[in-house]
Amino acid sequence: FNSFGEIFRFTTFGESHGKAIGVIIDGVPAGLKFDEEFLVSELDRRRPGKNRFATQRKESDTPEVLSGVFEGMTTGTPISIVIFNKDQKSKDYSNIKDIFRPGHADFTYWHKYGIRDYRGGGRSSARETAARVAAGAVAKMILRELDIEIEAGVVEIGGIRAENIDYEYAKNSPIFALDSEAEKKWIEAIDKAREEHNSLGGVVKLRIKNLPVGLGEPIYYKLDNILASAMVSINAVKGIYIGNSEAHKLTGLENNDEISKDGFLSNNCGGVLGGISNGEDVELEVFFKPTPSIFKPQKSVDIYGNEVEVNLKGRHDPIVAVRGSVVAEAMAACVVADMLFLNMTRKMEYIKKIYQ
Ligand code: FMN
């Protein structure tokens with residue numbers, strides 16, 4: 001339940017205010033050049049405390065690679081990466097130790113387990129997603145060798161939609177905005193929400209480029225259903241759309257992607273047909289709800305059943321979709337690496353290439 005993937009399989013561990021978080025990645029082939037600088041840079045993109053659009057928790061998120069790499073190359077053994085927590089402020093949570101934060105996982109964790117690490121939300125905190133980004137960085141090292149690229153950015157915040165999509169622009173935007181014009185309005189909206197002690201939701205758009213035809217294992221391990229599972233497993237993600245997110249409003253004639261001898265004439269299907277990649281860019285949108293921890297008084301109950309008023313302290317993201325876009329990329333990379341490995345046994349000719 002803490003693992004994801006079949007062949008490229010990772011398992012995360014650790015809590016928000018525990019000693020460390022980390023990941024063990026199994027199924028990485030031997031002989032992959034391990035780019036530790038890239039691992040650090042990927043974690044840096046998700047890192048908290050970088051600017052006013054993220055939680056002010058200050059973590060360097062410096063990874064320590066404990067195993068699976070020798071002289072800069074992977075050895076085919078499990079790769080374990082640990083990130084020690086440095087800036088926990090657990091006392092910020094002492095006033096809500098027995099109280100359930102509306103919108104967060106406190107209520108359900110308490111009722112399910114009867115015990116919970118209330119400090120920073122414990123395992124339900126998105127601090128765990130740093131471990132996924134580490135796994136995603138390793139998956140991206142594999143994908144880079146095959147020229148497969150994953151890009152993402154924010155396409156909507158607070159109901160304001162981007163008019164242009166520019167993945168290059170998003171790379172240098174402080175909020176990973178896909179549109180420079182919308183970015184101005186989004187920043188205003190985020191600043192306003194923060195001043196009002198409130199939060200915002202948003203939508204991330206993601207593209208996987210240069211994927212071969214044939215990835216995805218129907219019927220229960222389709223490319224689209226596993227991408228959906230990967231995305232919805234990210235904290236605060238409430239849904240995804242594969243391909244054109246207006247498709248449900250179109251007719252069949254408008255929505256179908258016609259085919260010529262040179263390829264598809266449009267990409268409403270988002271690069272997936274029947275759960276299998278069709279060689280076009282795989283495109284999806286990931287819908288994030290607003291950050292649940294806000295600094296406004298709210299009604300709740302405590303673990304004894306008393307009605308209480310919640311007044312939160314602590315540091316929180318004013319919007320989670322921004323850092324969430326880096327996590328979405330990481331999860332997509334892990335799915336694609338797994339699908340590449342699974343597809344290698346699907347034809348006798350592939351098996352013969354290795355063994356004959
Ligand atoms: N929730 C908070 O209350 N405060 C945060 O600072 C916060 N930061 C997040 C950062 C990222 C990158 C992501 C993806 C999510 C974050 N969340 C934050 C969302 C919660 O972890 C999430 O809403 C909570 O675990 C309940 O799960 P659910 O919303 O999926 O039902």
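The legends below describe views of a predicted model.

**View 1. Overall architecture of the protein chain.** The protein chain contains nine helices and 18 strands (DSSP runs numbered from the N terminus, with helices being H or I of at least four residues and strands E of at least two). Its C-alpha trace extends over about 65 × 50 × 35 Å along the principal axes. The radius of gyration is 21 Å, in agreement with the value near 21 Å for a compact globule of 356 residues (taken over C-alpha atoms, the rule being 2.2 Å times the number of residues to the power 0.38).

**View 2. Burial and contacts in the protein chain.** Of the 356 residues, 50% are buried (under 20% relative accessible area, with a 1.4 Å probe and protein chains only). Residues at least 24 apart account for 71% of the contacts between residues at least 6 apart in sequence (contact meaning heavy atoms within 4.5 Å).

**View 3. The five-stranded open sheet.** The strand order is E1-E2-E3-E7-E4, with antiparallel pairing (two strands pair if DSSP finds at least two bridges between them). Strand E1 (3-4) and strand E4 (63-67) form the edges, each pairing on one side only.

**View 4. The pairing of E1 with E2.** Strand E2 comprises residues 9-14 and runs antiparallel to E1, to which it is joined by two bridges. Ser3 lies opposite Thr11 in E2.

**Notes.** Residues are numbered from 1 along each chain as its sequence is written, and side-chain values use heavy atoms, leaving out hydrogens and water. Local features need pLDDT of at least 70 and side-chain atom pairs count only at pLDDT 80 or more, whereas totals for chains, interfaces and linings use all residues.
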